[in-house]
Amino acid sequence: MTGVLPLGTDDLLIRLHRNEIEIDALPAEDSEIERRELRSSPFISDERLMDAARDLRSTWALNALVERATGSTVDWADLRGELIAHGTRPRMREPVLDRIPLARLWNITRAAIWATDDVEATDAAAAFLAHRTLAGDDFPNDQRDSLSAVLLRMGRCRLAQRLGGTAHVELPGRADVALDDRTERVSQGNQMTASWRALDVLVIADCAGVATREAFIAKMAAELIEAAARGLRVGVLHRRRIVDACDLQPAEAVEQLVSQDLVARIDDDTPVTADLVVVRHAGAVQGHLARRLRIDAERVVIIDDPSSGDARGKTFARADVAETVHAWFGSPAPNWLTIVPFAATAPRALRTTKAQRSDAENENGPTLSIVMPVYNVARFLEAAIVSVLYQEFQDFELIIIDDASTDGSAQIIDMYATLDTRVRVVSLAQNTIGGAGIPSNIGIRLARGKYLAFADSDDVVLRGGIARMIEVADRNGADVVIGGFATFSEDLRLIEPAYDQGRGARVPRDTVVSAASHPDLLRMSPVPWRKLYRRAFIDEFAIEYPEGDYFYEDNPLHWTVLVFAKRVLLIDERISLHRVDRAGQTTKSAEHKKGAYAHHFTTALRAILGADRGQRDPLLEAFVERLAASQWVVRQQTHLAARSMIAKRFATLFDRATAAGAVVPARVQETVDAYRSGYPYRDLTVVIPVHGGARRLRRTLDPVLATTGISIDVLLVNEATGGETADLLADYVDRHPNVHLFEHGRRGSGRSWNSVIPLVTGRYALFLEVGDVVDPVALRSAVQRANLEGADLMLARHRFKRSSAEYAAHQEEWRRLAEAASADERRSMAAEIGADETARLIRTEVLQDANIFFGGAGVFDELPFHWQSLANADQISIMEGPFLTRKHAVRRREIIRREHANSGIREELIRWLHHRLKDSPHHDALVAQWAVAAVRLTDDHTEGDFIHEPG
């Protein structure tokens, strides 16, 4: 059984262990027309064709390589005949073979090894290449090792030795053949303790000879971290300690997992039983063949990963690997071995793979997965759960995500999980920032059903609604089914019609439509608990809620779904009764927090611009109409500055839509022009949460206001201070028209910063704490330089009060950072230096478009901002000197040590950041540093990435 999985899947071990991945062969159809197009295309290189042969086992790519090399319609079958005939007459030349340079024939040979199981022909091709090379023909010197490895595997040992090279290959049933002295066996390492003799997953790895070792080990480290965090008993078998073998930073992450007893390291002689053995790439098979291993395995999966970039050549024939592993484990049965070639990471290939995976999982999972996020709704929760469990349609799982409730909701959830096996519970140790978006996404990732639905934890799902939606979806092959709903008041208990009644009146019922054909769909209420989604569709386009410290996340989800859905059905049946006027509901949030709508419209516009070009015009028209209809968000603002700031952001959205081809009606354009000019341009917006005494506030705010040469506005967020400090705040606001005050309550600096991020309008943003002190001249220089260099992120050192020795200790690291040649080098080095050492100016467009936020867990608040800004900034500049002096470092360390004991904070921080970074544009440049930081974050006795110690 062969198949394809996406690269960089950090939960790979978990999903393989659960047997949630059914691996199907990817079709590789051949087409003469496609081959001709590929052969003549100037945009498709030989390397691209080889990638397709390797990653997709594509015979059409192989045939295209042959046609391109020969300049004719000769394909692999024709060339194969000549190669096999040549094998019996080594010194004869053949007409077609004469026309192919050796370098191109070597590419064809490797493509044939990857794309076919034709051992006879690839053996003949390797022999032909060796004879031609020995005869003096031009063969690339850097490929001789790889050719030697192929010859050794084919059993042509003498020919390989004549060719020379440094390959080392051990062959089953024969004496070891080595062309160098790399014959070290695995070191004893840590002996496996009794508690590790029964494993859930055993990972066998070998990074010796892997060209891209850092990326390879970082990927493996991420998988181990995820598996260990989810409670799997994981062991690692390696030829040498990974640190010794690789000398790479990600390897330290693996070794720290071992030292903390989160992962067991075993050696070749350790007897162990495992539910699943994962061989992390085919080369590792070659590294452990001295004897039969003492492993009793239920299943074995070999991840034949081209990204491991084996320096000896990617030459592991599937039949040989299978034969070797069966001998290795001493099992005659062939049915428990799976060899999995990893797919390329191109977005289209990844989306196809996800859709195939979803369809396969449906065979074993329920028909429907219902996701219910819960936070402090104990009074209403039982009615919601019961309404789901007693549906007419019964083939479902109910995934309840308890977002660290404190009101007894957890006990209610546990009771129903005990009574009904269809209830799956995830209890988060720390309340997530924002609304229901983050817990809902956790539920989406856990869903196993063919269809996906959501239920509000304070609503009532009507008994026949789900059955009706599934019947319609099955009959029409729907991507999305949208039903009706009604509302009821908590006090009066009167059932009222849906508040969007009439908005979809022009959309035909029980008929397949789309948002492009019927834009009125986009005018309907965005709530998800009236909809049914085909999960393969959700996976195909990687659709999920945006994650940030805001509410109203239903809006961007609604737009993204309808932008990409080609088969939408609207039905009249009521699905839910929605409870309204409940204390604590999102609609009762502070008015200025509704600035989040600007964030969500940005996400919606990004989805539209990613749609097929033929559908964009009606979608853009609907977007402009909806944006114009949402001006109530501006009009509702009672804070005059907030009204102007949100209006300016709306004007920017209209401008972006116009640039993409939208037409804004004249009457709306007048309002847009007024919005644009209603708040002045600023070079910099400074955000300061206010807590503590008036003296510290003056120390922070006065130097900011004294900065000249750039335009600045200041957003002060009052965390329930009173007395002298409250009087001082009022005085600043009265005397300085560029200083604005917002109330937020005492929830920590991170939440205070987040509360006004949607209001930031300056070109750059700077986030300060009370007690921080800027140098006005240096700050002006930093902003001007960032503007001049077009920086998305400007990094500078902090000074710490009374810590000149510590500042000097890090001088060399910052000097090297300033000299780094590329943005990715700066990105990686800044990640190693850490959050607590770095002051940042971030371009507001990047901040808001990428949904970058701070955490909500005390002194760890800056970590999410630090990592997300590095992961999303394209252009990174370095300020050689500091522009900011921060609070005393020793006090910060004391706070960190105290809060570090809260494992719930750490677990949620790792989970959230891990997911956010995984999907960021510059993830690859940070994966090694993040693997180390994540492990350090799990260690109770180290500050790790929070406080970076020199040396």
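These legends accompany close-up views of a predicted model.

**View 1. Phe485 and Trp529 form an edge-to-face aromatic pair.**
The model holds 18 aromatic pairs. In the pair of Phe485 and Trp529, the ring centres lie 5.0 Å apart. The ring planes meet at 90 degrees, so the pair is edge-to-face. An angle over 60 degrees is what that label requires. Phe485 belongs to strand E14, residues 480-489. Trp529 sits in a loop, between strand E15 (495-497) and strand E16 (531-534). The two residues are 44 residues apart in sequence, so their pairing ties together separate parts. Phe485 is buried, at 4% relative accessible area. Trp529 is buried too, with a relative accessible area of 4%.

**View 2. Trp559 and Phe623 pair across two helices.**
This aromatic pair is also edge-to-face. Centre to centre, the rings of Trp559 and Phe623 are 5.9 Å apart. Their planes stand at 85 degrees. Trp559 lies in helix H22, residues 554-564. Phe623 lies in helix H24, residues 613-629. The pair links distant parts of the chain, 64 residues apart. Trp559 has a relative accessible area of 4% and is buried. Phe623 is buried as well, at 0%.

**View 3. Four aromatic residues join into a cluster.**

**View 4. Asn376 has a positive phi in a loop.**
Most residues other than glycine have a negative phi. Asn376 is not a glycine, yet its phi is about 50 degrees. The loop that holds Asn376 runs between strand E9 (368-374) and helix H17 (378-389). Is this residue buried or partly exposed? Asn376 counts as partly exposed, at 26% relative accessibility.

Where does Ala404 lie? Its place is the loop between strand E10 (396-402) and helix H18 (409-419). Ala404 is buried, with a relative accessible area of 17%. That value falls under the 20% cut-off, so Ala404 counts as buried. Asn376, by contrast, is partly exposed.

How values were computed:
Residues are numbered from 1 along each chain as its sequence is written. This is a predicted model: local features need pLDDT of at least 70, side-chain atom pairs count only at pLDDT 80 or more; totals for chains, interfaces and linings use all residues. Side-chain values use heavy atoms; hydrogens and water are left out. Rings of Phe, Tyr and Trp (its six-membered ring) pair if their centres lie within 6.5 Å; planes under 30 degrees apart count as stacked, over 60 as edge-to-face and the rest as tilted. Helices (H or I, at least four residues) and strands (E, at least two) are DSSP runs, numbered from the N terminus. Buried means under 20% relative accessible area, exposed over 50%, partly exposed in between (1.4 Å probe, protein chains only).
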